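Here are my notes on the model, point by point. Please read them with the coordinates open.

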Amino acid sequence: MDSLHIEKLNVSIGEKSILNDFTLTVPKGEVHALMGPNGTGKSTLAKVLAGHQDYHTDSGSVLLDGKEILGKEPDEISHAGLFLAFQYPLEIPGVSIANFIRAAIESRLGAEESLDAPAYYRRLYEKMDLLQIDRKFTSRSLNEGFSGGEKKRAEILQMAMLEPTYCILDETDSGLDIDALKVVSNGVNFMRSNERGSLIITHYQRLLDYIVPDVVHVMWDGRIVKSGGKGLALELEEKGYDWVKDELAVACS
Amino acid sequence: MKLMDENPLNLPSASDPDWRFASVRKYRLDAVQPTVDLPEDALQDLAERSRFLDDTSGHAILAGNQLSAPIHLQDSAINLGVSLDLSETPCEMFPTLGGQQFLDYNSTNSRTSICLNVPDNVELQSPILLVHWNDTGVALPQVQVKTGKYSKLCLVEIYLSADSTPGHNIASTQVQAGEGSHVSRVVVRNWNPHTTAVHLEKLSAQRDALLRSININIGGGTIRQESVISAEGQGADLRLHSLSVSGEDQEFDQRTLQTHQAPNSRSDLLFKNALMAGGRTIFSGMIRVSPEAQYTDAYQTNRNLLLDPSAEANSLPGLEILANDVKCSHGATSGQIDDEQLFYMRSRGITEQLARQLLVFGFFEEIISKIHLPDLENKVRGWIEERFKT
């Protein structure tokens, strides 16, 4: 029950099928890594989980602590406890970081509740300090003119403020230098908890030096072809994705 | 006073290229009631309603073609030699972008020409506020501003309707920013929906002057704005920004000309329109760089946010460059709210309705945040919010 459970998910765009009977369970308290070459369906999976409307789900099920989220609106999925850190966070001109996160938090409050603004800002600054985000950024438009590293830190900041039960991090390492990678990883590690499950989607092993996963999955052609411990990531790094293509994919088919 | 009987206004021809896309016939004056002078209590009431800024160096409040109260200038400004008066002489004529008849009409008939002079080296710390209340009939405001060398001025012009009666406004503004002066001007137009207006303006900057002008167009019926900005001395820097919110039965028609007559000058134009159901906008812009104006930087951007399929945004950007070493660009985009931005916001739990609202108001902030007068910024935000409620 206490898991993000994806069961035989089949997703297509037009005639092209992207996810094929994709099945994965991330229990609460664990960090899983999902690795695979480009074009194998990792980012599609992330967007489908978050409720993106462009993809057609042919069949399958996504249960968040036993509750179906497939077919729900993106804001409902967010309220249910899922968070997606975007590979390419969008620029939101004219909406400051502080007001954006505030709107997201207020959307979770009941009709009778109101946000405690001083407490909100205390918490925001605390998380910003942790992620080494300058406080000047609170009034800057979200992601507008941010560097790659600043955008990724802003994603983790939102995650830290919204405290989701399940986190999907889509290629959070892409475009980061080592310093930024360490800061982002610190933020993610800080959020590791028995009450939270995470799925780290990445192309490279590098991120997993800093965020050490409990389980590593290898994805190819819209499904998982091998799962193992953290050593699997190193093996993959060493043997390359041709190994996946030539051996794992063949063995699975 | 029946202005239109004494001096008929000849409308431009509907086929005049300077009036392309415009609803020319809406500018006829014959349906407009004659201007009536307001009683004293009504004038006082309008003066009371004009407290838009906490701190000013002076103000003039006009109602129709009258002063609603004596022009006020702070002693500190008077001591510095600043003058703010009703002028005896009509404003100098300047080239228009198709609205010559309207400028002639304004020049011939205006009784309220506000004249502001800031002497050399005088820096006004707080803004000068001009409020023009439209009532029945045709209001013909004029504003003439001259700033001396290395002076500093912030000017706020607010155009409003006194009530819901149909009105007509034909206005002219001329700003001449002297050498090295810094002039920051904000114009807010928020008339009732039955108002037709033509505002003709010429903004010029001498050597090394910085002249910023921000237009916020919220309420009104059929509104035309012509802005000629002119870099007349080397190193002059002109910035013309605009935000218009157009809805049902509203037409905002904006024509601009950026001229560069001197080298190393710069002009930057950004006009943003948000169009609701039935709204119409026209943007026609031209950059003209003279042969002697080498090393000019001139930019022109028009962005239209279409919030309903029935909205119509027309864009006519243009360049005419006679110098050979310049940086110029122009561009116009029209689009709807971006689905990927919406998805991103909704993935954080923000409802679709609120996400749309935040994106629309975010679109406005780029211009509003340039005002740099917090009380006016908040007033403008409030007026725009009201516009979205109706």
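**Notes on the predicted model**

1. Start with the interface. This is a predicted model, and in it 20 residues of chain A are in contact with 19 residues of chain B. On the side of chain A that touches chain B, the elements giving two or more residues are α2 (74–80), β7 (92–96), α3 (97–106) and α5 (148–162) of chain A. By class, the residues on that side of chain A are 11 nonpolar, 6 polar and 3 charged.

2. Next, the core. The largest nonpolar core holds 170 residues. A:L49, A:L82, A:L84, A:A85, A:I168 and A:I200 have the most contacts inside it. Which strand gives the most to this core? It is β9 (residues 152–161) of chain B, with 7 residues. In soluble globular proteins, nonpolar side chains tend to be buried together.

3. Take A:L82 as an example from that list. Setting aside neighbours within four places in sequence, A:L82 is in contact with A:L49, A:A50, A:L64, A:I69, A:I77, A:P164 and A:Y166.

4. Now helix α7 (residues 231–239) of chain A. Here A:L232, A:A233 and A:L236 are buried. Viewed down the axis of α7(A), the buried residues fall within an arc of 105°, so they line one face of the helix. A:G231 and A:E238 are exposed, on the other side of α7(A).

5. What do the buried residues of α7(A) pack against? Their partners are β3 (31–35), β11 (215–220) and β12 (223–228) of chain A.

6. Just after α7(A), A:G240 has a positive phi of about 80°.

Key. Residues are numbered from 1 along each chain as its sequence is written. Chains are lettered from A and ligands numbered from 1 in the order in which they are written. This is a predicted model: local features need pLDDT of at least 70, side-chain atom pairs count only at pLDDT 80 or more; totals for chains, interfaces and linings use all residues. A residue is buried if 20 or more other C-beta atoms lie within 10 Å of its own, exposed if 12 or fewer, and partly exposed in between; C-beta atoms are placed from the backbone. Helices (H or I, at least four residues) and strands (E, at least two) are DSSP runs, numbered from the N terminus. The arc is that of the directions from the helix axis to the C-beta atoms. Two residues are in contact if their C-beta atoms, placed from the backbone, lie within 7 Å. A nonpolar core is a set of buried Ala, Val, Leu, Ile, Met, Phe, Trp, Tyr and Cys residues joined through C-beta atoms within 7 Å. Ala, Val, Leu, Ile, Met, Phe, Trp, Tyr, Cys and Pro count as nonpolar, Asp, Glu, Lys and Arg as charged, and the others, Gly among them, as polar.
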